[in-house]
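This briefing is intended for a reader who has the coordinates open. Please consult the sequence and structure shown below before turning to the points that follow.

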Amino acid sequence: MARPESEPKTDLGRRLRDVRKACAVPDREAFAKILAVSKNSIAHYERGERTPDASVLEAYLDRFGVNLNWLISGHGPMFLDGAPPEPGGSSTDDGKPTVQSGIFKETSKLVHESHKAKGVTLPSDAHLAETVSRYNELVAAARNPADEGELRALFPWLELRISQDLEEAQNAPGSGKRSG
């Protein structure tokens, strides 16, 4: 179970956390992948323990359209266009994001088949959690998360990622299995 988020020590840390939440990517790991940094780096930045370098700030600008003046000083709007980018999927009339159900179902099937191929059976709640995590990973990897064709084209990549993660977990100390 994830630890609850502590209150940031700096205003910059608070604004960095606010960006992640405004972008509807509550999971730090998925957000970190979008920015191409580690989950721990995001946690340190958001707690105000470290300051992101220029390349990280540039990623906030490029990937999310964050107004760097606001990020650094708190002045002006959070996003250059005034609103966060649309997360993957479509939106309802009230602007809330929705999940692309066909892609989600295919992600669920891929999770099931990948685990089955490695001899791993997931309880239904763990399968659901893994499916949600992998769907978010897929959407985060897409240049245009609303493009169903692009998401489908990323399935071989996602399948490889799942396989690699399962192999790594099976070979980890304490798993009862040893590598080669």
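The model is predicted: local features need pLDDT of at least 70, side-chain atom pairs count only at pLDDT 80 or more, and totals for chains, interfaces and linings use all residues. Residues are numbered from 1 along each chain as its sequence is written, and side-chain values use heavy atoms, with hydrogens and water left out. Helices are DSSP runs of H or I with at least four residues, strands are runs of E with at least two, and both are numbered from the N terminus.

**Confidence**

- The chain has a mean pLDDT of 82, with 85% of its residues at 70 or more; pLDDT is the predictor's confidence in each residue, from 0 to 100.
- Confidence is highest in α3, at 94, and lowest in α7, at a mean of 83.
- Over residues 88-97 pLDDT stays under 50, and the model has 17 contacts beyond four places in sequence for them; contact means heavy atoms within 4.5 Å.

**Aromatic pairs**

- Three aromatic pairs are present in the structure. Rings of Phe, Tyr and Trp (its six-membered ring) pair if their centres lie within 6.5 Å; planes under 30 degrees apart count as stacked, over 60 as edge-to-face and the rest as tilted.
- F31 and F64 are stacked, because their ring centres are 5.0 Å apart and their planes lie at 15°. This pair links distant parts of the chain, with F31 in helix α2 (residues 28-35) and F64 in helix α4 (residues 54-64), 33 residues apart.
- F31 is buried at a relative accessible area of 0%, and F64 is buried at 7%. Buried means under 20% relative accessible area, exposed over 50%, and partly exposed in between (1.4 Å probe, protein chains only).
- One aromatic cluster is formed by F31, Y60 and F64.
- F104 and Y135 form an edge-to-face pair, at 5.6 Å centre to centre and 65° between the planes. F104 lies in helix α6 (residues 101-117) and Y135 in helix α7 (residues 124-141), so the pair ties together parts 31 residues apart in sequence.
- F104 is partly exposed, with a relative accessible area of 22%, whereas Y135 is buried at 5%.

**Nonpolar cores**

- The largest nonpolar core has 22 residues, of which V19, F31, Y60, F64, V66 and L71 touch the most other members. Such a core is a set of buried Ala, Val, Leu, Ile, Met, Phe, Trp, Tyr and Cys residues joined through side-chain atoms within 4.5 Å.
- Two or more residues of this core come from each of α1 (11-22), α2, α3 (39-47), α4 and α5 (68-73).
- A second, separate core has 13 residues, including Y135, V139, L154 and I162.

**Helix α7 and R134**

- Helix α7 has 18 residues and reaches 25 Å from its first C-alpha to its last, close to the 26 Å expected at 1.5 Å a residue; the expected span is 1.5 Å times one less than the number of residues.
- Among the buried residues of α7 are H127, E130, T131, R134, Y135 and E137. Their cover includes α2, α4, α6, α8 (148-153) and α9 (155-171).
- R134, in helix α7, has a relative accessible area of 6% and is buried.
- The side chain of R134 makes a polar contact with the side chain of D165 at 2.8 Å. A polar contact is a pair of N or O atoms within 3.5 Å; within protein, one must be able to donate a hydrogen and the other to accept it, and residues adjacent in sequence count only if both atoms are side-chain atoms.
- Apart from neighbours within four places in sequence, R134 is in contact with T107, V111, L158, R161, I162 and D165.

- G13 is located in helix α1 and is buried at a relative accessible area of 0%.
- The C-alpha atoms of G13 and E49 are separated by 8.0 Å, although the residues are 36 apart along the chain.
- Not counting residues up to four places away in sequence, G13 touches P8, Y45, E46 and G48.
- A24 is not a glycine, yet has a positive phi of about 60°. A24 lies in the loop between α1 and α2 and is partly exposed at 41% relative accessible area.
- A36, also not a glycine, has a positive phi of about 65°. A36 lies in the loop between α2 and α3 and is exposed at 69% relative accessibility.
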